[in-house]
Amino acid sequence: MGQAAMGQAAMGQAAMGQAAPPPAKSAAQLKKEAKKREKLEKFQQKQEKIREQQAPPSRRQRRPPGVVTYDLETPPGQKKDVSVPLPPSYSPRYVEAAWYSWWEQQGFFKPEYGRSRVSEPNPRGVFMMCVPPPNVTGALHLGHALTSAIQDSLARWHRMRGLTTLWNPGCDHAGIATQVVVERRLWRTRGLTRHQLGRQRFLQEVWAWKQEKGDRIYQQLRQLGASMDWDRACFTMDPKMSRAVCEAFVRLHEQGLIYRSTRLVHWSCALRSAISDIEVEKRELSGRTLLRVPGYEEPVEFGVLVAFAYPLEGSGEGQEQGQELVVATTRLETMLGDVAVAVHPEDPRYTHLHGRFVLHPFTGQRLPVLHDPFVDPQFGTGAVKVTPGHDATDFEVGQRHRLPAPCILDDEGRLRDVPPPFLGMPRFQARTAVLEALKELGLFRGVTENPMVVPLCSRSRDVLEPVLRPQWFLRCSALAAAAAAVVRGGELRLRPPGHARTWLQWMDGIRDWCISRQLWWGHRIPAYFITIEDPSVPPGKDGDGRFWVSGRTEEEAREKAAKRFRVPPERVTLQQDEDVLDTWFSSGLFPFSIFGWPEPSEDLDVFYPGTLLETGHDILFFWVARMVMLGLALTGRLPFREVYLHAIVRDAHGRKMSKSLGNVIDPLDVIHGISLQGLHEQLESSNLEPAELERAREGQKRDFPNGIPECGTDALRFALCAYTAQGRDINLDVMRVLGYRHFCNKVWNGARFVLQALGGSYRPPPDLQVRGRAALAERWVRSRLSRAVGAVGAAMEELDFPGATTAVHRFWVYELCDVYLECVKPVLARAAAASDPAGGGEPDAPPIDADGAAADAAGAADAADAAGAMHAADAAGAMHAAAAALAVRDTLHTCLDAGLRLLAPFMPFLSEELWQRLPPPAPPAPPPAPSICVCPFPEPQQYCWQDEEAEAAMEFTLSIVHALRSLRSTHGITRGRPPCFLQVPDPSWAALAGLCTPHIRVLGGVGAVTVLGGAGGERPPPGCAVAVASERCSVHLLLKGLVDAPKELGRLGARRQELARSMERLRERRGGPGYVEKVPPSVQEAEAAKLAQAEAELQKVLEAEELMRKML
């Protein structure tokens, strides 16, 4: 008799037992009353289900993550106490406490760990990687977090594999950013400018600020678990780094690669300094646009073309009266620096003006009319103004025609060398004043909108000005050719490989690099202007490189100058350049300057060149290219053999993170959690305009209505690595990080179950073998572990971080926790019952759920059944159960140990916390490593247990389980364990299904499992839902007596209508005009998948409706 029929009979007997004896009722009456009571009980069950749905969340529903803290007093550097019981659920604050200071104190992150010195030969090899030095002014942001997560996973992986591993930390002095921060603080606190303070005292202020604030970024990197050797940390203004910078400049200057020249540079008036070409952001404008510019209260208009007339010389008399030449410009104020007007030599409108002049309306100067083919006759009037001091094209024209190149802007952007009333005006105020003056003179000819590109300073957001200034330049053509050759020749590998094309294009079109900055904070340029006290030697000019000399010391420079001009050294007066070098110059030396170059050292011999450079693709040319060029030029070797360029982090909607959008995510907020109010308060401390502030608040409300939940460091690191496909952008969704927090909880509870199952007396075998009697499940999970080990190792070799995280996540969740742990609970329960027939064995642990709640579980019921049956077991059965349990425990230990080590590069805190609690092997086996940081990483050669037969058998079993779960879900069966029938025509597969019925019951949540062969006409009973598990097996789940057919039909009908509406909307959208052209491909793919999913679900609903109708 089936379980449903037995249940009905039992209810009938209970009903008859409760009926009054007199008068006697007929069998028909009794049957009728039994049916009524059955319906009443079903009604009551439905009402109970409704009440449960309306009740507060039960243990089975996701609960908010709990907060448990580690409160045992542990001095910094001391090992955390792991003798105390594990908390019942995962808490990042508990797990992440105390470990890092112990790791650091023990020296696990030093390449010397486990060896006498770093130069000691290591057959495993050397892995060296230097961190992209963050700015000393910086606070941790998601870019740092992504870099740290990727690099630390690589460092920990190589360290665990036994390589001599160095991840070298450092910090950049950030010339512009630091000087701006300290200047603002100086003004805010003392009302002083740096010029009022003087250079030496100002630099003392900067160093004091650095001592106070400069360690903050290091402490934040420690919070992320970054396993750097902090004893080797370098600051780019450290004495050894400064010596390297001086040496590099002098060598390159002596080789003629660094030179002094007066050239057009990009000038930031806000910073009062030149910046390099690649620090320029080009803002494209489609037309008239108002932009905010530092130093101006009102926005400034851009994207317009102003036309005005230059009177032709001699046009006031005779036939030429009123003749003029109309030009147009987007930078009207620069007309005060015009030295000519140009037209195309073949433009028939202006051929008669050959050799003529126009008159400047404000200076009265005669400006020649040039005939030059660079002019586009179709643009504007066909006549253009020529301002060599403020435009790169005009500068070249001026060189060809030997024109002067006056500069009319001073360092702050005020007008100089111009007539009143414009003298001393800020440049954009002068723009308005010139326009009004032209109108008064009757020379204004109109304004039109004009698409244009505005150059912005990436540092100050200032609108940049091309100005002529004497500067220091690095000649780049030969250096770039060498850098291109190593990529073409395969000596330097760029990943993703698409960046190689960009690299070559940039190198082929490179321009000389302006390396001087008009700042005080930074490496002062070791170059000196020469004055010779000899009347036979005329005074030099600033832009003349002959009057500049470099030297490691002033004495060396004086000797060089005396030799150059053939005078005694005492006749040489030197004045060191006030400027400093571009911060990127010192950063470009980082891979070898950190080891004391140019002085020889053991570290330089062992760790240079490095193994890998990992950084964001946004600084490929700011930093990576310059390291390669300078490394080849100064050491003759590449600084590293491989470059991995990770993506840029954007928000969940693919937008660039911006304070004004309210979508900036502080990684520490993700780690520790923050309320919506806390996010709002962070905005209040920013410098946003009121309108931007309100928009940012709305963005935060929309994206984080409940704030950001506490996710922990491990979950954030794992998420960032999982996101890092070798592409351009990462759209980071905080809820996905929270999903990995739940994964941490899954690992936590799985480990707790394993540790409980092992018990305090268990000792693992020394050779990873399985003692006792290994069953199919053990063979299968060891095979899956073997594959996971291979997959993780192969993915890490290829820098495929999503591949590695997916492999370890799949093993932990879908193979170990969801399958194997559930399968072994009956085995452990039988062994416990056999060892203690009185029932005093270890209680069976409930199934593991992602939130730590106990499943309702089939496994617990099976365990109880097994325990009862074992009370009567004989000694042989007890031995059999003990052997099976020993095999299970050995397998559990192996899976937990290896699983945690696979996880360790990505989740160092969680893996350490759990790994420390594993039982050690019994003597004489050697003790384990002191930390998971330095224990061996699982290698495929050691975990070579792939078992095709076991995997095929378990795959067949799991296909049945998935079909059963799908049927339970489709028909809303949340309670009860209905019997199932497996139709398996092939006898060999039928036999396998029979052997696997215990697993099917536990994992499928069903009662009795009956295997029906193909012969003999065996058929399942009526009232079964059917699903095809595979081509070898169909699954029949008995629903009769468990499902209210009328109500289920109503529910299914409502779902069918909902699916139909959803599918109709999707089809209308996908069939709309311009869908393929306008909608992003990723969105099209997602909507196609959504439609396919809805269609598949609709088919299931229709089949379920058909079954329910048959049951009416």
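I take exposed to mean over 50% relative accessible area. The model I am reading is predicted.

**Entry: proline 404**

I then located proline 404 in the loop that links α11 (392-400) to α12 (427-441). Leaving aside residues up to four places away in sequence, I found that proline 404 touches Val339 and Pro388. I also checked threonine 387: its C-alpha lies 9.2 Å from that of proline 404, and the two residues are 17 apart in sequence.

**Entry: the chain as a whole**

I went on to the totals. The chain has 1112 residues, and 52% of them count as buried. I noted 35 helices and 33 strands. How much of the contacts with a separation of 6 or more comes from residues 24 or more positions apart? I recorded 78% for the chain.

**Entry: α24 against α26**

Two packed helices are described by the angle between their axes and the distance between the axes. I took helix α24 (residues 734-758) and helix α26 (residues 801-835), and found that their axes come within 11 Å and cross at roughly 30 degrees. Angles under 35 degrees count as roughly parallel, so I describe α24 as roughly parallel to α26. The crossing of α24 past α26 is left-handed.

Which residues make this contact? From α24 I listed Tyr740, Phe743, Lys746, Val747, Gly750, Phe753, Val754 and Ala757. From α26 I listed His809, Trp812, Val813, Cys817, Asp818, Leu821, Val824, Lys825 and Leu828. Sorted by class, the residues of the contact between α24 and α26 are 12 nonpolar, 2 polar and 3 charged.

**Entry: α25 against α26**

I next looked up helix α25 (residues 776-797), which also packs with α26. What are the angle and the axis distance for α25 and α26? I noted an angle of about 170 degrees, with the axes 8 Å apart. Over 145 degrees counts as roughly antiparallel, and α25 and α26 are therefore roughly antiparallel to each other. In the contact of α25 with α26 I recorded 19 nonpolar residues, 1 polar and 4 charged.

**Entry: recap**

For α26 I have two partners on file: α24, roughly parallel to α26, and α25, roughly antiparallel to α26.

Definitions and conventions: Residues are numbered from 1 along each chain as its sequence is written. This is a predicted model: local features need pLDDT of at least 70, side-chain atom pairs count only at pLDDT 80 or more; totals for chains, interfaces and linings use all residues. Side-chain values use heavy atoms; hydrogens and water are left out. Axes are lines fitted to C-alpha atoms, for helices over the stretch in contact, and angles run from 0 to 180 degrees between N-to-C directions. Helices (H or I, at least four residues) and strands (E, at least two) are DSSP runs, numbered from the N terminus. Angles under 35 degrees count as roughly parallel, over 145 as roughly antiparallel, 65 to 115 as roughly perpendicular and the rest as oblique. A crossing is left-handed if the near helix is turned anticlockwise from the far one by less than a right angle, and right-handed if clockwise. Contact means heavy atoms within 4.5 Å. Ala, Val, Leu, Ile, Met, Phe, Trp, Tyr, Cys and Pro count as nonpolar, Asp, Glu, Lys and Arg as charged, and the others, Gly among them, as polar. Buried means under 20% relative accessible area, exposed over 50%, partly exposed in between (1.4 Å probe, protein chains only).
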